[in-house]
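Subject: Structure for you to look through

Hello,

Here is the structure we talked about handing over. Please open it beside this email and follow along.

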Amino acid sequence: MFLHNKRLQYTVRVAEPNPGLANLLLEQFGGAQGELAAASRYFTQALAEDDPGRKDLLMDIATEELSHLEIVGSIIVMLNKGAKGRMAEGVEEEGELYRSLNGAGNDSHITSLLYGAGSPLTNSAGVPWTAAYIDTIGEPTADMRSNIAAEARAKIVYERLMNVTDDPGVKDALGFLMTREIAHQLSFEKALHAIQPNFLKASCQACLSSLRCTSTCRKARRMCAARGIRVRNGRSSRTRNRRSMAATAPPACSWTPATRRN
């Protein structure tokens, strides 16, 4: 059950309208690294999660991401304030109106024209949101690693958005959202660490054979290194003696160190 508290998690303040910045913020609204994608990813993972602790963590963070979506959408609408009215009433000359909407050099005029200066579920290039952004695979360790990476990417985008605006209210709001992404990343890292072992085990015989082979070869190479023997492409040579040895190692899987001939 979801309970909607009508107060925003963070109070948004905008100094002045800026349709160009509003358009860039759509990346965190309906983009691949945005809040809707994050909420959908964690919600679907929570539904399939058997562990009660991880299920609660995923559901809690998914709910918080929805509140972040509300914050970002509110910022977008506030930055677009007045654009819809100016277009509807034609209070400016055509060229001036276009330039005022497209001042940041992006497609904010398209957003204002097609979506009434609202907050559509598109990214900053106008591409509609898609479920293809959700990469849930149904394996907790793989999904947790994906979540950690997703939070890191979202943090980077927020950081870049902060660098393109001098509006103090927007900067503060984006800074708040960025710190929450870091908190989520740390939570997922702890959840992953709690799963031991947290790497998928090989199940097929071919994979197991390959792992045993690799382990044997690495052990043999370490033994050679300790004895001063250098191995390259199946051939070995003493690093302490410049005379070459005409000894070729057997196949890698059953490889044994070459010995010096008397």
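Below is what was found in it, starting with the whole chain and then going into details.

This is a predicted model, in which local features need pLDDT of at least 70 and side-chain atom pairs count only at pLDDT 80 or more, while totals for chains, interfaces and linings use all residues. Residues are numbered from 1 along each chain as its sequence is written, and side-chain values use heavy atoms, with hydrogens and water left out.

**The whole chain**

The protein has 10 helices and two strands. Helices (H or I, at least four residues) and strands (E, at least two) are DSSP runs, numbered from the N terminus. Read from that end, the order of elements is α-α-α-α-α-α-α-α-α-α-β-β.

Of the 262 residues, 37% are buried. Buried means under 20% relative accessible area, exposed means over 50%, and partly exposed is in between (1.4 Å probe, protein chains only). The protein exposes about 15,700 Å², and carbon and sulfur atoms supply 55% of that area. Such areas come from the Shrake-Rupley method with a 1.4 Å probe; for residues, only the protein chains shown count as cover.

A contact means heavy atoms within 4.5 Å. Among contacts between residues at least 6 apart in sequence, 68% join residues at least 24 apart.

**Helix α3**

Helix α3 covers residues 35-48, which is 14 residues. From its first C-alpha to its last it reaches 20 Å, close to the 20 Å expected at 1.5 Å a residue. The expected span is 1.5 Å times one less than the number of residues.

Which residues of α3 are buried? They are Glu35, Leu36, Ala37, Ala38, Ala39, Arg41, Tyr42, Gln45 and Ala46. What covers them includes α2 (27-30), α4, α8 (140-162) and α9 (168-194).

**Aromatic pairs**

A pair of aromatic rings is described by the distance of the centres and the angle of the planes. Rings of Phe, Tyr and Trp (its six-membered ring) pair if their centres lie within 6.5 Å; planes under 30 degrees apart count as stacked, over 60 as edge-to-face and the rest as tilted. By this rule there are three aromatic pairs.

One of them is Tyr42 with Phe188, a tilted pair with 5.0 Å centre to centre and 50 degrees between the planes. This pair links distant parts of the chain, as Tyr42 is in helix α3 and Phe188 in helix α9, 146 residues apart. Both Tyr42 and Phe188 are buried.

Trp129 and Tyr133 form an edge-to-face pair, with 6.2 Å between centres and 80 degrees between planes. Trp129 is partly exposed at 24% relative accessibility, whereas Tyr133 is buried at 17%.

**Salt bridges**

Side chains of opposite charge can pair when their charged atoms come close. A salt bridge is a side-chain nitrogen of Lys or Arg within 4 Å of a carboxyl oxygen of Asp or Glu. The count by this rule is four salt bridges.

Arg41 forms one with Asp135, where the closest N and O atoms are 3.1 Å apart. Arg41 lies in helix α3 and Asp135 in the loop between α7 (108-115) and α8, so the pair ties together parts that are 94 residues apart in sequence. Arg41 is buried, with a relative accessible area of 3%, and Asp135 is partly exposed at 37%.

Glu49 and Arg54 also meet in a salt bridge, at 3.0 Å from N to O. Glu49 is buried at 11% relative accessible area, and Arg54 counts as buried at 19%.

In the salt bridge of Glu159 and Lys155, the N to O distance is 3.4 Å. Both residues lie in helix α8, four residues apart, about one turn of the helix. Glu159 is partly exposed at 35%, and Lys155 is partly exposed at 23%.

**Surface and loop**

Phe2, Phe43, Leu47 and Leu66 make a nonpolar surface patch of about 380 Å². Patches are made of residues with over 30% relative accessible area and no salt bridge: like charges are joined within 9 Å, nonpolar side chains (Val, Leu, Ile, Met, Phe, Trp, Tyr) within 5 Å. Leu66 sits in helix α4 (residues 52-79) and is partly exposed at 36%.

The peptide bond from Gln196 to Pro197 is cis, with omega near -10 degrees. Pro197 lies in the loop between α9 and α10 (205-226).

Regards
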